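This briefing goes through the fold, the helix packing and a handful of individual residues. Please keep the sequence and the structure at hand while reading.

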Amino acid sequence: MSSAPEPSQTASPDEGPLFFVKIPEGQIFGPVPSKELDQWVQEGRIDRQCELRRTDSQVWEKSDQRYPILALPEQVGSGSPFHQVKLNETNAPYQLPHRGIPSLIFALVGLLGVCPIFSIAAWSMAHSDLEEIDKQHMNPNGRVMLLWANYLGMAGVIGYGILFLGFLLVAMLRMLL
């Protein structure tokens, strides 16, 4: 929870029922109209550990019973849980797509001598995607393509490094002679 919600003093009838919110530390806020509670959830100010109670009830219920999106596992990245890809604990067949084709294209363009930055980008992209595949966060279908891109990008970086050192050595020898 980013900040403690402030209670609303008045509620109009069109805002729905009133609720109390109990945060994990035990502090209680409210009564809060349903519309404002919806907004707090969207802002991330209420999480799955909070409890809610209607003003006409004495029973506290977990916030994820009223807002099922809070029951979803932690999201990848940061920001609102309403705009994130959920991966952990979902057993979903879909995972993040790999970047095998762009990585391989970058590696080949880098090897053709166009620009060394392509080899660096290919190596970096392929390496990070292979790590995500190992963590089972990314689609493993492109593993072979990513391995090729990783090795070709690495070869391009090493090749450009040797070429640069060779030119540097020739330039230094010319200065000495």
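**Briefing**

L108 is found in helix α3. The model that contains this residue is a predicted one. L108 counts as partly exposed because its relative accessibility is 42%, which falls between the cut-offs of 20% and 50%.

**Overall fold**

- The secondary structure of the protein consists of 5 helices and 4 strands.
- Along the sequence, these elements follow the order β-β-α-β-β-α-α-α-α.
- The protein has 177 residues, of which 26% count as buried.
- Taking the contacts between residues at least 6 apart in sequence, 48% join residues at least 24 apart.

**Packing of α4 against α5**

- Helix α4 (residues 116-134) packs with helix α5 (residues 143-176) at an angle of about 145 degrees, and the two axes are 7 Å apart.
- The crossing in which α4 passes α5 is left-handed.
- On the α4 side, the contact is made by P116, S119, I120, A122, W123, A126, H127, D129, L130, I133 and D134.
- On the α5 side, the contact is made by R143, L146, L147, A149, N150, G153, M154, G156, V157 and Y160.
- By residue class, the contact of α4 with α5 divides into 13 nonpolar, 5 polar and 3 charged residues.

**S119, a buried residue of α4**

- S119 lies in helix α4 and is among the residues that make the contact with α5.
- S119 counts as buried because its relative accessible area is 0%, under the cut-off of 20%.
- Leaving aside residues up to four places away in sequence, S119 touches F106, G110, L111, G153, G156, V157 and Y160.
- Of these partners, G153, G156, V157 and Y160 also belong to the α5 side of the helix contact.

**The aromatic pair**

- The count of aromatic pairs comes to 1.
- The pair is formed by F106 and F118, with an edge-to-face arrangement: the centres are 5.3 Å apart and the planes are at 75 degrees.
- This pair links distant parts of the chain, with F106 in helix α3 (residues 100-111) and F118 in helix α4, 12 residues apart.
- F106 is partly exposed, since its relative accessible area of 28% lies between 20% and 50%.
- F118 is also partly exposed, at 27% relative accessibility.

- R99 is found in the loop between α2 (63-66) and α3.
- With a relative accessible area of 34%, R99 is partly exposed.
- R99 touches M125, S128, D129 and L146, when residues up to four places away in sequence are not counted.
- Two of these partners, D129 of α4 and L146 of α5, also take part in the contact between those helices.
- R99 and G142 are 43 residues apart in sequence, while their C-alpha atoms are 7.8 Å apart in space.

**G161 in α5**

- The place of G161 is in helix α5.
- G161 is partly exposed, with a relative accessible area of 31%.
- From C-alpha to C-alpha, G161 and P116 are 9.2 Å apart in space, and they are 45 residues apart in sequence.
- P116 is one of the α4 residues in the contact with α5.

- C50 lies in the loop between α1 (34-43) and β3 (51-54).
- C50 counts as buried because its relative accessibility is 0%, under the cut-off of 20%.
- C50 and W60 are 10 residues apart in sequence, and the distance between their C-alpha atoms is 9.7 Å.
- K22 lies over the face of W60, at 4.8 Å from the ring centre.

**The cis peptide bond**

- G30 and P31 are joined by a cis peptide bond, with omega at about 5 degrees.
- P31 is found in strand β2 (residues 28-33).

Note on methods:
Residues numbered from 1 in each chain as written. Predicted model: local features only at pLDDT ≥ 70, side-chain atom pairs only at ≥ 80, totals over all residues. Heavy atoms only, no water. Helix = DSSP H or I, 4+ residues; strand = E, 2+ residues; numbered from the N terminus. Buried < 20%, exposed > 50% of the residue type's maximum accessible area, 1.4 Å probe, protein only. Contact = heavy atoms within 4.5 Å. Phe/Tyr/Trp six-rings, centres within 6.5 Å; stacked < 30°, edge-to-face > 60°. Lys NZ or Arg CZ within 6 Å of the ring centre and 35° of its normal. Axes fitted to C-alpha atoms, helices over the stretch in contact; angles between N-to-C directions. Left-handed = near helix turned anticlockwise from the far one by under 90°. Nonpolar A, V, L, I, M, F, W, Y, C, P; charged D, E, K, R; others polar.
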